[in-house]
Each structure stands twice: as structure tokens, then as C-alpha cells.
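Subject: Structure handover

Hello,

Please find below the structure you were expecting. My notes on it follow.

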Amino acid sequence: MSELKQRRNVSRVQSSTPAKQSHQATGDAVLTNRSAWWRIVIRIMLTLVALSICLSFLITETAFWGHKNKWTNWRNYIPRKQRVFTQLELLQYDGTNPEQPILLAIEGDVYDVTLGSGFYGPGSSYHLFAGRDASRAFGTNCLSRNDHLTHDTRGLSEGELAGIRGWHRLFDNHQRYVKVGVVSLDPIDPNSPIPPPCDGAKAKPV
Ligand code: HEM
């Protein structure tokens with residue numbers, strides 16, 4: 001027998017000595033205890049979460065104690081392919097075709113707002129936002145001029161631009177809406193006239 005083989009046999013004999021075996025058994029028991037302990041902790045936590053959801057439903061009729069944002073919307077946990085729309089394609093989703101979802105865009109991001117059809121469907125107050133990126137109107141609050149229903153934000157004040165970002169955040173964190181893609185916006189001709197302000201009249205929804 002070669003010297004190497006002999007050494008391996010000796011080490012095998014050593015590892016199976018009673019002392020070593022008992023040490024291994026203790027180690028295994030610690031591991032088993034630890035995993036059993038973790039299983040108990042996880043079970044307790046899941047029970048508490050389930051209990052909280054049930055109580056929340058009973059008291060607030062919502063799953064998370066009235067707290068609503070995009071993470072309390074199960075639709076946001078479904079991975080979905082983000083689509084790139086042209087402006088013309090987006091226009092087909094303005095709610096006039098009941099077979100299609102209602103989409104709107106802000107600062108180039110496209111959201112499915114079908115669950116807000118009471119706001120954006122045909123004949124509703126904010127239908128003019130459907131099927132397009134009307135970022136400018138979100139900033140100027142001007143709903144009475146068609147030339148504000150554009151992604152052209154030239155000439156807007158810091159406050160108006162912040163207003164657009166605020167609306168953008170609203171759609172992004174909305175409990176009922178999901179982001180479905182982006183719209184590839186036509187570049188704005190720098191020589192075209194900047195839409196004039198809303199004649200001082202604060203625009204109102206129809
Ligand atoms: C006289 C002025 C206005 C009044 C009284 C008014 C009133 C309202 C009310 C009561 C809601 C429903 C809120 C809810 O139930 O969640 C709403 C939603 C909305 N408003 Fe106005 N609004 C006015 C002006 C505007 C303007 C100028 C804009 C455009 C920037 C605008 C954009 C919106 C949008 C986009 C929603 C829907 C939000 C969603 O989808 O959850 N509103 N408004």
C-alpha cells in the first residue's frame with residue numbers, strides 16, 4: 001500500500017473515533033435546532049402578517065391599514081414587458097375604444113389608468129390627458145387650451161416644472177395605476193412658438 005493511501009486510511013479511522021462522532025452529532029443537533037427555530041420564527045411572522053391583514057380588512061376595508069401606494073397593488077408584482085409607444089400609437093389608447101386600456105403619459109412615462117376611467121374615460125373631466133403626453137398642462141394647470149396638451153415644457157417656471165414632477169410621482173406611486181412603458185416623443189422644434197400662458201384664467205376640468 002502506498003504511503004499516501006495509508007495516511008488516508010489513518011485519517012478515516014481518526015475521524016470516526018467516538019469523540020469525533022459525538023462532536024459531529026452535537027454539531028448536527030445544533031444545526032437542526034437552529035433551522036427548527038427559524039421555521040418557528042418564520043411561522044410566527046407569517047401568522048402575524050396574516051392576522052394584521054385580516055384585522056385591517058375588518059377595520060379599514062383595506063389590506064394595509066388604509067395605506068395605499070404602488071406596492072399595495074398586486075399588479076405591480078407581475079413582471080411586465082415595458083413597451084415603447086409612438087405618439088400615434090398612444091393616441092389609440094385614449095379610452096374611446098372600450099376594448100383597449102386607457103393610457104396616459106407624463107414626462108415620457110406611460111401609465112395604464114384604466115382603473116381611473118371615471119377620470120379619464122370619454123366625457124370625463126380629465127379625458128384630455130388620455131392617449132397623450134400632456135406634461136405641459138400638468139405644470140400650467142391649463143386644461144382649456146389645446147396647445148398646452150403637449151410634452152413641450154419650454155418656458156415653464158421652476159414651480160410649474162416641479163408641479164409636473166409632482167403629478168409624475170402621483171402616477172408612479174398610484175395604487176391603481178401601473179407603468180406600461182415609455183413614449184418616444186417627437187423632438188420640439190426650437191423655432192416653434194412657445195405656447196402662451198393660460199390668459200390668467202386658472203383652467204378647470206370640464
Ligand atoms: C377647479 C379646479 C379643480 C377641481 C375642483 C378639481 C377637483 C378634483 C377632484 C375632486 C378630483 C378627484 C380626487 C379623487 O377622488 O381622488 C380630481 C382629480 C384629478 N385632478 Fe382635479 N381639480 C381641479 C383642477 C385640476 C387641474 C387644473 C388639473 C390638471 C393639472 C387636475 C388634474 C386632476 C387629475 C389628473 C385627477 C385624477 C387623479 C387620479 O387619477 O387619481 N385637476 N380633481
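Ser144 sits in the loop between H5 and H6; helices (H or I, at least four residues) and strands (E, at least two) are DSSP runs, numbered from the N terminus. Residues are numbered from 1 along each chain as its sequence is written. This is a predicted model, in which local features need pLDDT of at least 70 and side-chain atom pairs count only at pLDDT 80 or more, while totals for chains, interfaces and linings use all residues.

Ser144 counts as partly exposed because 16 other C-beta atoms lie within 10 Å (buried means 20 or more other C-beta atoms within 10 Å, exposed 12 or fewer, partly exposed in between, with C-beta atoms placed from the backbone).

Overall, the protein has six helices and four strands, in the sequence pattern α-α-β-α-β-β-α-α-α-β. Of its 206 residues, 20% are buried.

The sheet: four strands form an open sheet in the order E1-E4-E3-E2, with mixed pairing (two strands pair if DSSP finds at least two bridges between them). Strand E1 (83-86) and E2 are the edge strands, each pairing on one side only. On average, neighbouring strands are turned by 40° against each other, direction ignored; axes are lines fitted to C-alpha atoms, for helices over the stretch in contact, and angles run from 0 to 180 degrees between N-to-C directions. E1 pairs with E4 in the parallel sense over four bridges, and Arg83 stands opposite Gly181 in E4. H6 lies across E2, E3 and E4, at about 140° to E2.

The core: the largest nonpolar core has 25 residues, of which Leu90, Leu103, Leu104, Val110, Tyr111 and Val113 touch the most other members. Such a core is a set of buried Ala, Val, Leu, Ile, Met, Phe, Trp, Tyr and Cys residues joined through C-beta atoms within 7 Å. At least two residues each come from strand E2 (103-106), strand E3 (109-112), helix H5 (135-140), helix H6 (158-173) and strand E4 (178-184). E2 gives the most, with four. Leaving aside neighbours within four places in sequence, Leu90 is in contact with Phe85, Leu103, Ala105, Val110, Gly131, Arg132 and Val183 (contact means C-beta atoms, placed from the backbone, within 7 Å).

Regards

Key:
Contact = placed C-beta atoms within 7 Å.
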